[in-house]
Amino acid sequence: QVQLGESGGGSVQAGGSLRLSCVASGRTSRYNAMGWFRQAPGKEREFVAAIVWTAGTTFYADSVKGRFTISRDNAKNTVYLQMNSLKPEDTGVYYCAAGTWLRVSPGYDDGARYDYWGQGTQVTVSS
(Lines give C-alpha, C1' and ligand atoms only; values in the text may rest on other atoms or scores of the structure.)
Protein backbone atom coordinates (compact mmCIF):
# COMPACT_ATOMS: atom_id res chain seq x y z
CA GLN A 1 0.00 0.00 0.00
CA VAL A 2 0.95 3.62 -0.49
CA GLN A 3 0.00 6.34 1.96
CA LEU A 4 -0.22 9.98 0.88
CA GLY A 5 -0.34 12.97 3.19
CA GLU A 6 -0.99 16.52 2.03
CA SER A 7 -0.08 19.72 3.85
CA GLY A 8 0.32 23.40 3.16
CA GLY A 9 -3.26 24.48 2.68
CA GLY A 10 -4.63 27.63 4.24
CA SER A 11 -6.44 30.89 3.65
CA VAL A 12 -5.01 33.62 1.45
CA GLN A 13 -6.23 36.69 -0.37
CA ALA A 14 -6.57 36.77 -4.12
CA GLY A 15 -3.20 37.24 -5.75
CA GLY A 16 -1.40 35.39 -2.98
CA SER A 17 0.57 32.15 -3.06
CA LEU A 18 0.59 28.79 -1.32
CA ARG A 19 2.74 25.71 -1.68
CA LEU A 20 1.16 22.34 -1.11
CA SER A 21 3.19 19.25 -0.27
CA CYS A 22 2.31 15.59 -0.54
CA VAL A 23 4.53 13.01 1.11
CA ALA A 24 4.31 9.39 0.00
CA SER A 25 5.15 6.49 2.25
CA GLY A 26 4.79 2.75 2.17
CA ARG A 27 5.42 0.79 -1.01
CA THR A 28 6.41 3.79 -3.09
CA SER A 29 7.69 1.55 -5.85
CA ARG A 30 4.07 0.98 -6.77
CA TYR A 31 3.59 4.33 -8.44
CA ASN A 32 5.43 6.52 -10.91
CA ALA A 33 2.85 9.21 -11.59
CA MET A 34 1.31 11.69 -9.22
CA GLY A 35 -1.42 14.21 -9.63
CA TRP A 36 -3.22 17.00 -7.84
CA PHE A 37 -6.98 17.30 -7.96
CA ARG A 38 -9.36 19.70 -6.24
CA GLN A 39 -12.99 19.79 -5.28
CA ALA A 40 -14.97 22.92 -4.55
CA PRO A 41 -18.18 22.80 -2.49
CA GLY A 42 -21.05 21.51 -4.59
CA LYS A 43 -18.82 20.74 -7.55
CA GLU A 44 -17.20 17.64 -8.95
CA ARG A 45 -13.56 16.86 -8.39
CA GLU A 46 -11.36 18.32 -11.13
CA PHE A 47 -7.84 17.75 -12.36
CA VAL A 48 -5.20 20.35 -11.54
CA ALA A 49 -1.77 18.98 -12.46
CA ALA A 50 0.19 15.76 -12.87
CA ILE A 51 3.81 14.71 -13.05
CA VAL A 52 5.60 11.63 -14.30
CA TRP A 53 7.94 10.74 -11.47
CA THR A 54 11.05 9.62 -13.34
CA ALA A 55 10.98 11.89 -16.40
CA GLY A 56 9.55 14.90 -14.62
CA THR A 57 7.07 15.51 -17.43
CA THR A 58 4.26 17.74 -16.26
CA PHE A 59 0.65 18.35 -17.27
CA TYR A 60 -1.73 21.12 -16.23
CA ALA A 61 -5.36 22.03 -16.43
CA ASP A 62 -5.91 25.07 -18.64
CA SER A 63 -7.32 26.97 -15.68
CA VAL A 64 -4.01 26.86 -13.77
CA LYS A 65 -1.41 27.00 -16.55
CA GLY A 66 1.10 29.74 -15.94
CA ARG A 67 0.07 30.09 -12.29
CA PHE A 68 0.67 26.65 -10.74
CA THR A 69 3.80 24.51 -10.88
CA ILE A 70 4.01 20.83 -9.96
CA SER A 71 7.38 19.40 -9.00
CA ARG A 72 8.82 16.46 -7.11
CA ASP A 73 11.70 15.59 -4.82
CA ASN A 74 12.67 11.99 -5.44
CA ALA A 75 14.78 11.69 -2.31
CA LYS A 76 11.92 12.84 -0.11
CA ASN A 77 9.14 11.01 -1.99
CA THR A 78 7.36 14.33 -2.06
CA VAL A 79 5.40 16.16 -4.73
CA TYR A 80 4.73 19.88 -4.51
CA LEU A 81 2.18 22.22 -5.99
CA GLN A 82 3.32 25.83 -6.03
CA MET A 83 0.26 28.02 -6.49
CA ASN A 84 0.75 31.68 -7.44
CA SER A 85 -1.69 34.43 -8.41
CA LEU A 86 -4.45 32.59 -6.60
CA LYS A 87 -8.04 33.39 -7.46
CA PRO A 88 -11.24 32.84 -5.46
CA GLU A 89 -12.21 30.12 -7.94
CA ASP A 90 -9.14 28.14 -6.82
CA THR A 91 -10.86 27.54 -3.48
CA GLY A 92 -11.44 23.91 -2.61
CA VAL A 93 -10.02 20.80 -1.03
CA TYR A 94 -6.85 19.75 -2.79
CA TYR A 95 -5.99 16.07 -3.02
CA CYS A 96 -2.87 14.37 -4.21
CA ALA A 97 -3.08 11.04 -5.96
CA ALA A 98 -0.62 8.41 -7.13
CA GLY A 99 -0.69 5.67 -9.71
CA THR A 100 1.30 3.92 -12.37
CA TRP A 101 1.97 5.85 -15.56
CA LEU A 102 0.91 2.84 -17.61
CA ARG A 103 -2.58 3.16 -16.15
CA VAL A 104 -2.65 6.95 -15.82
CA SER A 105 -1.21 8.02 -19.17
CA PRO A 106 -4.33 7.43 -21.32
CA GLY A 107 -6.12 9.98 -19.18
CA TYR A 108 -3.96 11.71 -16.58
CA ASP A 109 -6.82 14.09 -15.84
CA ASP A 110 -9.13 11.22 -14.89
CA GLY A 111 -9.06 10.62 -11.17
CA ALA A 112 -10.37 7.09 -11.61
CA ARG A 113 -7.01 6.10 -13.10
CA TYR A 114 -5.13 6.83 -9.87
CA ASP A 115 -4.90 4.13 -7.22
CA TYR A 116 -3.94 6.03 -4.08
CA TRP A 117 -5.32 9.23 -2.58
CA GLY A 118 -4.50 11.52 0.29
CA GLN A 119 -6.98 12.96 2.75
CA GLY A 120 -6.93 16.45 1.24
CA THR A 121 -5.98 19.91 2.39
CA GLN A 122 -8.23 22.96 2.32
CA VAL A 123 -7.33 26.01 0.25
CA THR A 124 -9.45 29.13 0.63
CA VAL A 125 -8.88 32.21 -1.50
CA SER A 126 -10.79 35.35 -0.58
CA SER A 127 -11.44 38.29 -2.86
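Mentor: Here is a walk through the salt bridges. Bear in mind that this is a predicted model, where local features need pLDDT of at least 70 and side-chain atom pairs count only at pLDDT 80 or more, while totals for chains, interfaces and linings use all residues. Residues are numbered from 1 along each chain as its sequence is written, and side-chain values use heavy atoms, with hydrogens and water left out.

The structure holds 5 salt bridges (a side-chain nitrogen of Lys or Arg within 4 Å of a carboxyl oxygen of Asp or Glu). Start with Arg38: its closest N and O atoms with Glu46 are 2.5 Å apart. Arg38 counts as buried at 5% relative accessibility, whereas Glu46, at 35%, is partly exposed (buried means under 20% relative accessible area, exposed over 50%, partly exposed in between, with a 1.4 Å probe and protein chains only).

Arg38 also pairs with Asp90, at 2.8 Å between the closest N and O atoms. That one links distant parts of the chain, 52 residues apart: Arg38 sits in strand β4 (residues 33–39), Asp90 in the loop between β8 (78–83) and β9 (92–99). Strands (E, at least two residues) and helices (H or I, at least four) are DSSP runs, numbered from the N terminus. Asp90 is buried, at 0% relative accessibility. Together with Arg67, these residues make a network: Arg38, Glu46, Arg67 and Asp90 are linked by salt bridges.

Then there's Arg103 with Asp115, the closest N and O atoms 3.1 Å apart. Arg103 is in helix α1 (residues 101–104), and Asp115 is in the loop between α1 and β10 (116–117). Arg103 is partly exposed at 36%, and Asp115 is partly exposed at 39%.
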